Amino acid sequence: MDSLAHLTAPDARQSFIKLPWWRRFDFRIAAILVGTSSVIIVLVGLFAYQSIVNTRLDLFEKRLRMIAVTLSETINTDELASVPASADQHTPVIASLWRRLKNIADAEPGIESIYILQATETPGKLRFLLDASKVSRIAQTGELYDATELPFMLQGFERVSVEDRVYGDDFGQTQSSYAPLKTSDGRVIGIIGVDVLALRLAEIRWQVVRFCAAVFGIAFIAVLVITMVVRRQVRQPLARVLEAASAIAAGKLDTRLHAPSRDEFGLLADEFDTMASHLRDRERLRETFGLYVSRELASALMKDGKLPALGGVECVATVIFCDLGNYTRISEAFSPQEVISLINEYLAAMCTIIEAHRGCLLDFTGDGIIAGFGLPLPDPDHAHNAVQCAIKMRQRLTQLNGEWEARGLAARWQVIGVDRIEARMGIHTGPLVAGNIGSSSRMKYCVMGDTVNIAARLEEMNKDFNSTILLSDQVKIRVPSAMTDTFADYGVVNIRGRVQAVGAYSV
């Protein structure tokens, strides 16, 4: 899959088109269908195959049952019951019984192993008393065995039981039969199990296959191929994709398929992994940047999939500087923890309004707020949105004052001569540079330029005009006339630290 990890969507489509014909899944399906010469013959062949195999396997299972029953009846269970729990394979009774069962297993070419298991205090957990095996791993006396998922084995403690299919474990692929070992007083002290290698079962099936092939020929082979190919080439890959898609939907964005095949399923898995990687990266960026910057800024930084870099771009935007009046005096009436709680309540309300008006929150300066409009994404109505945002912020602060009054907080600052908390806002539109400053290891998104300075100075000048929202003429000319008719004109004012004056208006 590594060779496909760098592909974009168009590249993936081209790779699909250029996929060699022997790797095309549709070709393989077509070849299978062409090879099926007759539906009727196939159906008849399947019926004959199932009938013969079931008959042979039924005889085989009966033989397994008979062997288990015969062995259980020939074992001296009363003697076996007297063996202490601390016994090992060298204990005379166990060693003698092991040799006898080993001789029986060696004499029967179809039998892989004969063993005796005993129950433990843990349900489903058994322990080996002995294990007479030929070629597979031999269990030691006292070794535990997990039978919680083997119902036929557990049934062996109650009655003779034969597994209906092949099971696999550390000892190999086998089909087994079990019989209870009962003492003369009817007490069950364990079970005896007989394993037959799956190779023996496969041999039985192959004999039937050869017989049917002689009668039905190519039709039977086609059915066999269809069964094998459909199971291995369709069900498994699709099941993996569905499982992975469910995991992604559940939020497990680190899920990957890493499919080894080079057909359409391989391409699908590769595109799925690429999609999951992009989703994971975007989610991590969104979660990280969403804690520190506005959603629009986080989206802009994630747009091209690259990491943020130092530098900026020049644009025309609108900046709002907002600061609370009498903040220092108010802080004296509260503990540091109470001040933080109050400011956070205020900032949360203001940030919600800024985001609702397509503003980008740039920075907090204690109780101050710096917001930009028209960045990082262009907005032709940035000046109008900024003015509307400032008005809504003032209205919301009026509501907050009422809430603080009702909660008794306002009395804390009213006692020191502050009637209500008010915010001063300066708004200016002009060219500025917006981008990342700092270093490669730590950077900050900000705006710089004369436009930013003018907005800050206008915010301060609210004190001179006894106003709360002061904006420049560059903002006014970009706002609909229906709104500007209500503006108070203060004429041309000098800006501290700047030679050129600007027109000032209050809202």
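Figure 1. Helix α13 has 26 residues, so at 1.5 Å a residue it should span 38 Å, and its end C-alpha atoms, 36 Å apart, agree with that. The expected span is 1.5 Å times one less than the number of residues in the helix. Helices (H or I, at least four residues) and strands (E, at least two) are DSSP runs, numbered from the N terminus. Residue numbers start from 1 along each chain as its sequence is written, and side-chain values use heavy atoms, with hydrogens and water left out. Because the model is predicted, local features need pLDDT of at least 70 and side-chain atom pairs count only at pLDDT 80 or more, while totals for chains, interfaces and linings use all residues.

**Figure 2. The whole chain and its confidence.** The pLDDT (the predictor's confidence in each residue, from 0 to 100) averages 79 over the chain, and 73% of the residues score at least 70. Residues 1-17 fall below 50; this stretch has 26 contacts in the model beyond near neighbours in sequence. A contact means heavy atoms within 4.5 Å. The chain holds 17 helices and 15 strands. Of its contacts with a separation of 6 or more, 63% join residues 24 or more positions apart. Its accessible surface is about 27,700 Å², and carbon and sulfur atoms contribute 57% of that. Areas come from the Shrake-Rupley method with a 1.4 Å probe; for residues, only the protein chains shown count as cover.

**Figure 3. The largest nonpolar core.** A nonpolar core is a set of buried Ala, Val, Leu, Ile, Met, Phe, Trp, Tyr and Cys residues joined through side-chain atoms within 4.5 Å. Buried means under 20% relative accessible area, exposed over 50%, and partly exposed in between (1.4 Å probe, protein chains only). Of the 507 residues in the chain, 43% are buried. The largest core has 45 residues; Y346, I369, M393, W404 and W413 touch the most other members. Elements giving two or more residues to this core include β8 (311-324), α12 (336-356), β10 (368-373), α13 (382-407) and β11 (423-438). In soluble globular proteins, nonpolar side chains tend to be buried together.

**Figure 4. The salt-bridge network at R424.** A salt bridge is a side-chain nitrogen of Lys or Arg within 4 Å of a carboxyl oxygen of Asp or Glu. D323, R424 and E459 are linked in a network of such bridges. The closest N and O atoms of D323 and R424 are 3.9 Å apart. This pair links strand β8, which holds D323, with strand β11, which holds R424, across 101 residues. For E459 and R424, the closest N and O atoms are 3.2 Å apart. E459 lies in helix α15 (residues 450-465), 35 residues from R424. Both E459 and R424 are buried. D323 counts as partly exposed because its relative accessibility is 21%.

**Figure 5. The R159 and E158 salt bridge.** The structure holds 12 salt bridges. In one of them, the side chains of R159 and E158 meet at 3.6 Å, N to O. R159 has 44% relative accessibility, so it counts as partly exposed. E158 has a relative accessible area of 59%, so E158 is exposed.
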